[in-house]
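Here are a few notes to get you started with this one. Have the structure open as you read, and take the points in order.

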Amino acid sequence: MSNRVITINRMFGSNGRLIGKTLAEKLEIGFYDKELIDLAAKKNNIPFDTLAKVDEKKASQWVFPVDSELQFTDNFSFVPMNDVLYDLQRKIILSLPQKEDCVIVGRCATNILKDKSLKIFIHAPFEDRVQNVIRRTGREEASARKLVKKMDKERRAYYEYFTDSKWLDMTQYDLCLDSSRMGYEKCIEEIENQLQMMKK
């Protein structure tokens, strides 16, 4: 690896983002999650909200995902904004290993940087993830269950559409961690240990 780059794929409600952000803060390195949307928006003069609506979502084959005049300009030639955002984020992700040490969460980064990063998958049992979402958002249990199922479905469809790989194929990751069983501090410790091993 040119620099220390950790890419994290995660089930919704598994605290994968929290683990990634805490790890980046501990290592004092860059952290990229929704920050990638902001970078893509600023570099290409596209409103952040327009891109945020399609983040980590596969385009529908029936309708364009956003009601925006941008979708029909010459710059995008009727390409779904989902695909536009993926391509913009992919370019940014590919540039990061040459620039800095960092943690990247989601956005197919584990696949995009498959040979240039430590690839992590964070998972947890469904019931534990539901409880995490309830604590985090204050939702009723039925609503939390529905949201976890919806987000997992969207993330799987997005990942498999853009990578031609199976989201839950654990052989494509260097380290798979159950955040419910281990706790996020132990997960961070395991990732740090793996980083040290890769240096040898």
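**Notes on a helix and a strand residue**

1. Start with helix H1, residues 16-27. At 1.5 Å a residue, its 12 residues should span 16 Å, and the end C-alpha atoms are 16 Å apart, so the two agree. Keep in mind that this is a predicted model.

2. Now look at which parts of H1 are hidden. Its buried residues are Gly16, Ile19, Gly20, Leu23, Ala24 and Leu27. Around the axis they cover an arc of only 130 degrees, which means they sit on the same side of H1.

3. Turn to the face of H1 that points away from the buried side: there you'll find Glu25 and Lys26, both exposed.

4. What lies over the buried residues of H1? The cover includes four strands, S1 (5-10), S2 (30-32), S3 (102-105) and S4 (118-123). Helices H8 (179-182) and H9 (184-199) are also part of that cover.

5. Check the backbone where H1 ends, too. Just after the helix, Glu28 takes a positive phi of about 60 degrees.

6. Is Asn9 buried or exposed? Its relative accessibility is 6%, and because buried means under 20%, Asn9 counts as buried.

7. Finally, see what surrounds Asn9. Its side chain makes a polar contact with the side chain of Tyr173, at 3.0 Å. Leaving aside neighbours within four places in sequence, Asn9 is in contact with Thr110, Ile120, Phe121, Ile122, Tyr159, Trp167 and that Tyr173.

Note on methods
Residues numbered from 1 in each chain as written. Predicted model: local features only at pLDDT ≥ 70, side-chain atom pairs only at ≥ 80, totals over all residues. Heavy atoms only, no water. Helix = DSSP H or I, 4+ residues; strand = E, 2+ residues; numbered from the N terminus. Expected span 1.5 Å × (residues − 1). Buried < 20%, exposed > 50% of the residue type's maximum accessible area, 1.4 Å probe, protein only. Arc of directions from axis to C-beta. Contact = heavy atoms within 4.5 Å. Polar contact = N/O pair within 3.5 Å; in protein donor to acceptor, adjacent residues only side chain to side chain.
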